[in-house]
Amino acid sequence: MSSPTRVALVTGASKGIGRGIALQLAREGWDVFVNYHHDLAGAEQTAERVRHLGARCWIIQADVGYGDQVRAMFDSVTRQAGSLQLLVNNAAVQTWCPLLELAEEDWDRTLRTTLKGTFLCTQQAARLMQGQGGVIVNIGSGSNSRPFPKLSDYCAAKGGIDNLTRVAAVELGPLGIRVNCVAPGAIEIERTKQESPNYAGTWGPLTPLRRVGQVEDVASVVAFLARPEAEFITGQTIYVDGGLFTQAPWPYE
């Protein structure tokens, strides 16, 4: 007897952590919708690797910050797969800029994509999942709870996701829908390596486990939260940071 089909949608999955999550889910038997905004080539590379792992994969374009595009995306999910058991809200943008110089349009773009996009996708996914249950995993950040200089828009958006996770868990729990947040620390991906010429050497010594994270570290926790073993976990934020944001500044040897 074949196992039931499990379908996941991962937003912002054309590269980085989103791609890693899509691949890990495929390894664990999930069929995957790969969402992208601009990077079609990256989405196609993700989809090719997902299919190589034996899973079905669909590519779906949408800017998650706009309700009409999100509704069209979920309509497409319903038409092509019939149901959805897992949503991973990964799509995000940030602006590296001091607070006093941050442009209003950049603030709006970051909040629209990162926080509003999480809200819009959560709302549409929950409407599909109600009656059958499902799992929603939001991708947060160390900036959920820590101030990062020159990232005021990103900190505001990720902090909002942290609290939205809890509110959604409370409201959607009676519908059989679990909602959790995975908050990565210093993860070595294409974007973060652009922040420092020696990203691992910069952040590794600051981390209690003495290394930076890899996309697999984050993806494995997302996949765990989607498994039956995690069926009594909801409303939680799990920091995947090697202890980086647990430790406080300490001036003594």
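This is a predicted model: local features need pLDDT of at least 70, side-chain atom pairs count only at pLDDT 80 or more; totals for chains, interfaces and linings use all residues.
I took local features only at pLDDT of at least 70 and side-chain atom pairs only at pLDDT 80 or more, while totals for chains, interfaces and linings use all residues. Residues are numbered from 1 along each chain as its sequence is written, and side-chain values use heavy atoms, with hydrogens and water left out.

**Aromatic pairs.** I searched the whole structure and found two aromatic pairs, where rings of Phe, Tyr and Trp (its six-membered ring) pair if their centres lie within 6.5 Å, and planes under 30 degrees apart count as stacked, over 60 as edge-to-face and the rest as tilted. Phe33 and Trp58 are stacked, because their ring centres are 4.3 Å apart and their planes stand at 15 degrees. Phe33 belongs to strand β2 (residues 31–36) and Trp58 to strand β3 (residues 57–61), so this pair ties together parts 25 residues apart in sequence; strands (E, at least two residues) and helices (H or I, at least four) are DSSP runs, numbered from the N terminus. I looked up burial (buried is under 20% relative accessible area, exposed over 50%, partly exposed in between, with a 1.4 Å probe and protein chains only): Phe33 is buried at 0%, and Trp58 is buried at 13%.

The pair of Phe148 and Phe245 is tilted, with 5.7 Å centre to centre and 35 degrees between the planes. Phe148 is partly exposed at 22%, whereas Phe245 is buried at 14%.

**Positive phi.** Lys150, not a glycine, has a positive phi of about 70 degrees and sits in the loop between β5 and α5.
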